[in-house]
Amino acid sequence: NAVFMVAGTMGSIVLMSLGMTIPHVFLVVAILNAGIAVWVCKLLPDTLLKSIFAAILKIFYKVRIEGIENLPRDERVIIVVNHVSFLDGMLLAAFLPGRLTFAVNTGIAKRWWAKIGLILVDAVSLDPTRPLAAKTLTRAVEAGRHVVIFPEGRITVTGALMKVYEGPGMIADKTGATLVPIRIDGAQYSFFSRLKGKVKQRWFPKISLTILSPRKLQ
């Protein structure tokens with residue numbers, strides 16, 4: 001910081017000695033800042049996109065995150081989440097740290113609107129009818145990725161949990177991974193849910209993400 005402050009001061013002295021006014025110096029600094037901003041965005045495109053998605057979601061849905069300290073950093077993790085709307089994947093990708101790996105149904109992954117949300121994540125396209133599908137996720141967990149699985153397999157149509165499948169438990173057992181439950185609340189009241197006629201839907205309900213205490217299977 002000290003080096004850049006001294007360099008900036010010296011640069012300003014040189015520019016003003018060449019006849020530039022203070023507004024001209026500010027213009028030069030602004031151009032340099034713009035160039036560096038573009039360079040940083042090229043270095044970290046995922047971070048830029050996550051910031052844009054997070055900003056949009058915060059503006060419209062006032063998204064609140066609780067328990068972020070419960071998310072382990074340097075260990076094998078399987079994140080299990082209730083599935084209440086088509087916004088769920090985008091919410092997790094935008095607000096959870098790092099680049100997540102999502103288990104996505106093959107049919108859903110081919111749809112155009114799903115591809116927009118999948119820009120932010122590494123998607124593992126799975127055919128649930130294939131017995132070997134879980135092996136792909138097992139390898140991802142063993143490689144140290146944070147893998148997100150919706151154990152219900154589908155968005156709720158009742159407002160309560162749908163049938164919960166045993167896949168996440170089996171993978172956690174085989175890999176020794178930590179299970180991190182996350183509860184999404186509020187998205188079920190949006191028009192992106194499948195609860196039309198069962199709850200009062202509105203354009204921009206407040207949404208919260210609650211990261212619960214990590215669990216180990218014994």
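Modeller: Rings of Phe, Tyr and Trp (its six-membered ring) pair if their centres lie within 6.5 Å, and planes under 30 degrees apart count as stacked, over 60 as edge-to-face and the rest as tilted. This is a predicted model, in which local features need pLDDT of at least 70 and side-chain atom pairs count only at pLDDT 80 or more, while totals for chains, interfaces and linings use all residues. Residues are numbered from 1 along each chain as its sequence is written, and side-chain values use heavy atoms, with hydrogens and water left out.

Biologist: How many aromatic pairs does a search of the whole structure find?

Modeller: The search finds 4 aromatic pairs. In one of them, the ring centres of Tyr61 and Phe204 are 5.6 Å apart and the planes stand at 70°, so this pair is edge-to-face. Because Tyr61 lies in helix α3 (residues 45-61) and Phe204 in the loop between β6 (178-185) and β7 (208-211), the pair ties together parts that are 143 residues apart in sequence; here helices (H or I, at least four residues) and strands (E, at least two) are DSSP runs, numbered from the N terminus.

Biologist: Which aromatic pair is tilted?

Modeller: Phe102 and Phe150 form a tilted pair, with 6.4 Å from centre to centre and 45° between the planes. Phe102 belongs to strand β3 (residues 101-105) and Phe150 to the loop between β5 (146-149) and α8 (167-175), so that the pair links distant parts of the chain, 48 residues apart. Both Phe102 and Phe150 are buried. Ring pairs also join Phe60, Tyr61 and Phe204 into a cluster.

Biologist: How many helices and strands does the protein chain have, and why is it described as more spread out than a compact globule?

Modeller: The protein chain has 8 helices and 7 strands. Its radius of gyration is 23 Å, well over the 17 Å that the globule rule gives for 218 residues, so the chain is more spread out than a compact globule; the radius is taken over C-alpha atoms, and the rule is 2.2 Å times the number of residues to the power 0.38. Along the principal axes, the C-alpha atoms fill a box of roughly 75 × 40 × 35 Å. Of the 218 residues, 37% count as buried.

Methods
Buried < 20%, exposed > 50% of the residue type's maximum accessible area, 1.4 Å probe, protein only.
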